[in-house]
Amino acid sequence: MKKGRVDSTLTTAPVVTCMKTLMMVFNFIFWVTGIVILAIGIWTKVDLYKYLKLSSIYQPEAPYVLIGVGAVIVLVGSLGCCCTVKGHAFLLYMYCGVLFLVFIMELSAGITLLVYKGKLEKGFEDGLSDAIILYGQKGEEDITDAFDELQQKLSCCGISSYSNWFKSQWSSEQPEKNTVPVSCCRGDTKTCQNSNLPNSANGTVLPVFTHGCHKLVVDFINGNMGPIGGVALGISFFQVLGAILACCLAKSISKAKYEEMK
């Protein structure tokens with residue numbers, strides 16, 4: 001082999017090693033991202049869905065989509081590590097294509113979160129209104145339990161105020177007037193005075209929570225959905241970096257093999 005070819009090969013080899021190191025770092029971060037999305041999907045299905053089902057626009061398939069996306073990213077990240085270690089240019093080009101598809105998927109999810117933030121707020125308001133109507137009715141135990149847990153977890157009562165319950169069918173069926181569910185109680189539910197409540201708190205501290213649940217949920221959406229959507233967009237563009245690295249590594253490997261054959 002001539003000296004020029006030897007020098008060229010020695011120059012290409014460190015580049016390939018450096019690119020492989022960068023790809024392994026990317027694959028690890030990408031794999032961790034998949035684990036996080038998978039965990040969020042499982043958490044949404046196991047716990048958060050109890051609250052989300054109170055929204056009129058809640059899609060029960062959403063947790064499964066998150067779980068599926070997370071599982072695919074974990075699988076693709078693992079395969080990416082194998083492609084990088086083996087150093088096959090063709091597999092790296094395929095990996096680049098998969099990353100591009102993941103980029104489109106995550107970009108769409110981020111834009112959807114930002115665009116539909118207002119609809120999520122309205123959907124929750126409509127959902128809570130429907131839930132108060134169905135609360136305590138036969139066959140609606142899931143709605144009843146979800147509303148109770150929401151009020152207990154967020155320390156709230158009703159939609160905009162505790163007095164929303166006074167006009168509900170459930171309250172009208174109670175033996176005493178102006179009754180709210182015990183899930184609205186501040187302290188011990190067994191000794192809580194949850195009936196014969198005034199129409200307005202007038203600055204006094206009542207034995208039940210007086211502020212509604214809708215505002216708390218809206219504040220959560222406004223405070224978190226925007227940043228979450230922004231993070232989703234940021235992560236999606238991170239896949240572009242991975243795709244570029246995969247293409248560069250594939251080209252470097254092809255160049256090194258070509259120089260060895262000369």
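The conversation below covers the fold, the cysteines, the cores and a pocket.

Trainee: What kind of model is this?
Mentor: This is a predicted model.

Trainee: How many helices and strands does the protein have?
Mentor: The protein has seven helices and zero strands. Read from the N terminus, the order of elements is therefore simply α-α-α-α-α-α-α.

Trainee: And what share of the residues counts as buried?
Mentor: Of the 262 residues, 37% count as buried. As for the contacts between residues at least 6 apart in sequence, 72% of them join residues at least 24 apart.

Trainee: Now the cysteines. How many disulfides are found?
Mentor: Three disulfides are found in a search of the whole structure. If the bonded cysteines are numbered in sequence order, they pair as 1-6, 2-3, 4-5.

Trainee: Take Cys156. What is the partner of Cys156, and how far apart are the sulfur atoms?
Mentor: The partner is Cys213, and the two sulfur atoms are 2.0 Å apart. The link of Cys156 and Cys213 is right-handed, with 95° about the S-S bond.

Trainee: Is Cys156 buried or exposed?
Mentor: Cys156 is buried, at a relative accessible area of 0%. Cys213 is also buried, at 0%.

Trainee: Which cysteine is joined to Cys157?
Mentor: Cys157 is joined to Cys184, with an S to S distance of 2.2 Å. The torsion about this S-S bond is about 80°, so the disulfide is right-handed. Cys157 lies in the loop between α5 and α6 and Cys184 in the loop between α6 and α7, so this pair ties together parts that are 27 residues apart in sequence. Cys157 has 0% relative accessibility and counts as buried, and Cys184 likewise counts as buried at 0%.

Trainee: What about Cys185 and Cys192: right-handed or left-handed?
Mentor: Their link is left-handed, with -90° about the S-S bond. The sulfur atoms of Cys185 and Cys192 are 2.2 Å apart, and both residues are buried.

Trainee: Changing topic: which residues have the most contacts inside the largest nonpolar core?
Mentor: They are Leu54, Tyr162, Trp165, Val180 and Val208, in a core of 28 residues. Helices α4 (117–134), α5 and α7 each supply at least two residues of this core. Apart from it lies another core, of 22 residues, including Met19, Val69, Cys83 and Cys96.

Trainee: What does Val180 touch?
Mentor: Leaving out residues up to four places away in sequence, Val180 touches Cys157, Tyr162, Trp165, Phe166, Trp170, Asn194, Leu197 and Val208.

Trainee: And Ser161, where is it found?
Mentor: Ser161 is in the loop between α5 and α6. Ser161 has a relative accessible area of 18% and is buried, because the limit for buried is under 20%. Setting aside neighbours within four places in sequence, Ser161 is in contact with Thr210 and Gly212.

Trainee: Last topic. Which residues line the second largest pocket?
Mentor: The lining consists of Val76, Leu79, Cys82, Cys83, Leu91, Met94, Tyr95 and Val98. The elements that give two or more residues to this lining are α2 (62–86) and α3 (89–115).

Trainee: How much space lies in that pocket, and how do the lining residues divide by type?
Mentor: The second largest pocket holds about 160 Å³ of space. Its lining has eight nonpolar residues, no polar and no charged ones.

How values were computed
Residues numbered from 1 in each chain as written. Predicted model: local features only at pLDDT ≥ 70, side-chain atom pairs only at ≥ 80, totals over all residues. Heavy atoms only, no water. 1 Å grid on protein atoms, 1.4 Å probe; cavity = no way out; pocket = protein on both sides within 12 Å on 5 of 7 lines; lining within 4 Å. Points joined across faces, edges and corners; volume = space filled by probe spheres on them. Helix = DSSP H or I, 4+ residues; strand = E, 2+ residues; numbered from the N terminus. Nonpolar A, V, L, I, M, F, W, Y, C, P; charged D, E, K, R; others polar. Disulfide = S-S within 2.5 Å. Buried < 20%, exposed > 50% of the residue type's maximum accessible area, 1.4 Å probe, protein only. Core = buried A, V, L, I, M, F, W, Y, C linked by side-chain atoms within 4.5 Å. Contact = heavy atoms within 4.5 Å.
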